[in-house]
Amino acid sequence: MSEQRLFPKPIADRVTTPFSSAMQAWFWFVRCQASRIEGARVVADASDVVRPCDPDDIYNAVMRLRRENVLGDRHLQVIEYYGLVERTPDPRDGREKPKYDLWCDAMAALEDALIARDIVLPGAEDAFHHPEKMIKMTGELPPCRL
């Protein structure tokens, strides 16, 4: 049997923008999957923001973590459900607190895997809230009326 050779998929010559977190990458993946189900052809470099991967790369990273028993069936159920509803579990709700813990475990494991593949930029999510990088809002904001 001949040896199978794998060639990386070419990505556009444009500058790629890594995700700031595994959570951002996961929600992107779920939206891409929903678009695929509706018939769209989803590739990494088709939009204004060029991502350093295809949606399948996120899926493969999750499945690799599952095969290595880092993620269990409950982790997959939680990230699938909350990915589809496009929100994270609310840790303040007693019913969602166990799911929030599973979500955090899954996102931490996924983040490590995606950082290793240069899909997620380490520390980028923290930089969003960094005082030196925040934009000062100017102008007058009127109070809300009920």
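**View 1. Helices α1 and α3 are roughly perpendicular to each other in this predicted model.** Helix α1 (residues 22–37) and helix α3 (residues 73–84) pack at an angle of about 70°, and "roughly perpendicular" covers angles of 65 to 115 degrees. Their axes are 9 Å apart; each axis is a line fitted to C-alpha atoms over the stretch in contact, and angles run from 0 to 180 degrees between N-to-C directions. The crossing of this pair is right-handed, meaning that the near helix is turned clockwise from the far one by less than a right angle. Which residues of α1 meet α3? They are Trp 26, Phe 27 and Val 30, and their partners in α3 are Ile 79, Glu 80, Tyr 82, Gly 83 and Leu 84. Contact here means heavy atoms within 4.5 Å. Ala, Val, Leu, Ile, Met, Phe, Trp, Tyr, Cys and Pro count as nonpolar, Asp, Glu, Lys and Arg as charged, and the others, Gly among them, as polar.

**View 2. Helices α2 and α4 are oblique to each other.** The axes of α2 (residues 55–67) and α4 (residues 97–116) cross at roughly 120° and come within 10 Å. Oblique is the word for angles left over once those under 35 degrees (roughly parallel), over 145 (roughly antiparallel) and 65 to 115 (roughly perpendicular) are set aside. This crossing is right-handed. From α2, the contact uses Ile 58, Ala 61, Val 62 and Leu 65, and from α4, Ala 109, Leu 110, Ala 113 and Leu 114. By class, that gives eight nonpolar, no polar and no charged residues.

**View 3. Asn 69 and Asp 118 each have a positive phi.** Most residues other than glycine have a negative phi. Asn 69, in the loop between α2 and α3, has a phi of about 60°. Asp 118, in the loop between α4 and α5 (124–128), also has a phi of about 60°. Are these residues buried or exposed? Asn 69 is exposed, with a relative accessible area of 62%, and Asp 118 is exposed at 58%. Exposed means over 50% relative accessible area, buried under 20%, and partly exposed in between (1.4 Å probe, protein chains only).

**Notes for all views.** Residues are numbered from 1 along each chain as its sequence is written. In this predicted model, local features need pLDDT of at least 70 and side-chain atom pairs count only at pLDDT 80 or more, while totals for chains, interfaces and linings use all residues, and side-chain values use heavy atoms, leaving out hydrogens and water.

Conventions
Helices (H or I, at least four residues) and strands (E, at least two) are DSSP runs, numbered from the N terminus.
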